[in-house]
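Visitor: I have a model open and would like to go through some of its local features. Could you take my questions one at a time?

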Amino acid sequence: MNPLLDFSGLPRFDAVQPEHVTPAIRQLLDENRALIERLIDPGTAASWDAFEQPMLDAGERLSRAWGIVGHLHSVNDVPPWREAYNAMLPEVSSFYADLGQDLALFAKFKLLAAGPEFPTLSPARRRIIENELRDFRLSGAELPEDRKPRFKEIQEELSALGAKFSENLLDATNAHSEWITDEAQLSGLPEDAKSAARAAAEKDGRQGWKFTLHAPSYMPVLQFCDNRELRARMYRASATRASEFGPEGWNNGPLIERLLALRHEEATMLGYASFAEVSLATKMADTPAQVAAFQRDMARKARPFAERDIAELRDFARLELGMDTLESWDLAWAAEKLKQQRYSFSDDEVKQYFPEPQVLAGLFRVIESLFAVKLAPDAAAAWHPAVRFFRIERDGKLIGQFYLDLYARETKRGGAWMDDAITRRRVASGVQTPVAYLNCNFPAPVGDKFATFSHDDVITLFHECGHGLHHLLTQVDELPVSGIHGVEWDAVELPSQFMENFCWEWDVLSGMTAHAETGAPLPRALYDKMIAAKNFQSGLQILRQVEFGLFDLLLHSEFVPGGNRSFMDLLAEVRREVAVLVLPEWNRFPHSFSHIFGGGYAAGYYSYKWAEVLSADAYEAFEEAARTSGSTLDAATGERFWREILSVGGSRPALESFRAFRGREPQPDALLRHNGMAAAA
């Protein structure tokens, strides 16, 4: 049997090969098409059991199989898998485009929604049907027949361009290396970063140290290395990746222009003024103007703090470091020096207290304490030897499983993300338990030592596990609104950002640290310094996120593709409005902005800050409970968060879930307080 067609259990990563992709996906596409022909026949009743359930069953088989292929394209982007993915991407895109435009199918859903059965369905099932009707309209189902072929062409080309954008970025990232043969040029660089660079050089059969643009290699150089020329070379290489400054075949500039033009054309075909309006049709926010006002308000509140941050950094650089000018490649390095002077510790010092085993044990303790579950190692075939697999149980029963892929590799796309492998649903044999992928890009172990993580890495891990918990702890039995499915995009970051808060609690950190050499736990004095430094340059960090979000929004709402100004001109305008740092003219940030050009965040990057208001407010409930119980790991509040937020998935609007948990509308006060900006309210 083709392993991609085996849905009896977990994905068969030990058996699936690139040559399995085309026959399996084509068979599933054919099965889905044949089923739809039967479902739209007038003889098939417009009921849940006769119509919607069979389509969900067949659709899940296709999405599970194609999900495995897409996952392997992300974590094992070797030529055979890239070719297999790209070979079928047009056919899969074409199928979904056809599905979204099928008037007969749309008519059947409208019959179901207007029929006598609809009021008797569960709220989750009614929400599924309402979402389906909305998505049909957004997919062009109501377009005139002579315009549907063009709309379909747009969908197919957008899918191909998004994949190509990510591939170009990965290839450009892999193409640049810095080779150092004199250790004196690595002054200031932590020992573990040097060890990793030496191991990378040895792997390539060369002496010295090899540095790449992958984050675990790149970031320590920018933050710690005293060699200004090396920092400058690596910064420029990273800031110009996949642009006109590199090989023409990897230049994402033309792809960005084409993506924007196609998205605008899609929006106008659907009767919207901009693609941002299309994007917001499935989100909590109502209009682009509302989102722009939200982001500009955040910028207004953060700007005084950001101006203070940069003034302090420039004064420090001039007086203490002898630098009259701070360039972009100096900022992280100078900030680290200032933080060390002001708070008497370094990020590298903290990192030594976070070996991987202690971090995972601490993370699991938080999850178990809050949500009355047990996590344990489990066995499953995986795509790389470093991948681990775990199970989650409640009352002795399996409720979910997840793969954990922590380390950066050349064949793995950058960043950190969670994705679903299997979604909870009710089937004939009972409940199908969910399975998730949790992916990070942390430094791998070197030699016989455990990997050590920076505190930022720990926060990232907690963030992705928040997404995972949203998927794995659901109690919804209807697949389209189970777990993360059906959750508004600007609310989907609520559980992930919520989990980050525990990384700052003493009773959490004290139980998840052990010095890599001595085994000593994190000293309370060092923790106190971390807390004092928590909001170090938070104004700059908030403005940076607002800059990205506002650029994304205006790019998809006010920018005219093919007009007199380029997308780089727009970025310059946004920076003049909200930023306090002037970046080099040659910086090509958009060319690596994969969230909006290679992922699902187009006109939605604001979601991080939007959801952070929700997550900070939700976490405040745990802070309030801690005043009585003594710990934010409060089981009663955790049970309520699980019941009202995590367990309901997308089965009801996110704002209703928040109100049910908090008992009121969301308020920004907690976010401002957490960022040391309460006075700006």
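Predicted model: local features only at pLDDT ≥ 70, side-chain atom pairs only at ≥ 80, totals over all residues.

Visitor: How many disulfides does a search of the whole structure find?
Guide: A disulfide needs two cysteine sulfur atoms within 2.5 Å. For Cys465, the nearest cysteine sulfur is that of Cys440, 7.5 Å away. For Cys503, the nearest is that of Cys465, 9.8 Å away. Over the whole structure, the number of disulfides found is zero.

Visitor: Is Cys503 buried or exposed?
Guide: The cut-off for buried is under 20% relative accessible area. Cys503 has a relative accessibility of 0%, so Cys503 is buried.

Visitor: And what is the relative accessible area of Cys465?
Guide: Cys465 is in no disulfide. Cys465 also counts as buried, and its relative accessible area is 4%.

Visitor: How are α1 and α2 oriented to each other, roughly parallel or roughly antiparallel?
Guide: Helix α1 covers residues 21-39 and helix α2 residues 48-75, and their axes lie 10 Å apart. The packing angle is about 165°. Angles over 145 degrees count as roughly antiparallel. The pair α1 and α2 is therefore roughly antiparallel.

Visitor: Which hand does the crossing of α1 and α2 have, left or right?
Guide: The two helices pack with their axes 10 Å apart. Where α1 passes α2, the crossing is left-handed.

Visitor: How many residues of the contact of α1 with α2 are nonpolar?
Guide: From α1 the contact takes in residues including Ile25, Leu28, Glu31 and Asn32. Those from α2 include Phe51, Met55, Gly59, Arg61 and Trp66. Two of the contact residues are polar and two are charged, while the number of nonpolar ones is 16.

Visitor: What is the phi of Ala242, and where is Ala242 found?
Guide: Most residues other than glycine have a negative phi. Ala242 is not a glycine, yet its phi is positive, at about 55°. Ala242 is buried, with a relative accessible area of 4%. Its place is the loop between α9 (228-239) and α10 (253-269).

Visitor: Which loop holds Gln537, and is Gln537 buried or exposed?
Guide: Gln537 is another residue other than glycine with a positive phi, near 60°. The loop that holds Gln537 runs between α19 (524-532) and α20 (538-555). The relative accessible area of Gln537 is 13%, and under 20% counts as buried. So Gln537 is buried.

Methods
Residues numbered from 1 in each chain as written. Heavy atoms only, no water. Buried < 20%, exposed > 50% of the residue type's maximum accessible area, 1.4 Å probe, protein only. Axes fitted to C-alpha atoms, helices over the stretch in contact; angles between N-to-C directions. Helix = DSSP H or I, 4+ residues; strand = E, 2+ residues; numbered from the N terminus. Parallel < 35°, antiparallel > 145°, perpendicular 65-115°, else oblique. Left-handed = near helix turned anticlockwise from the far one by under 90°. Contact = heavy atoms within 4.5 Å. Nonpolar A, V, L, I, M, F, W, Y, C, P; charged D, E, K, R; others polar.
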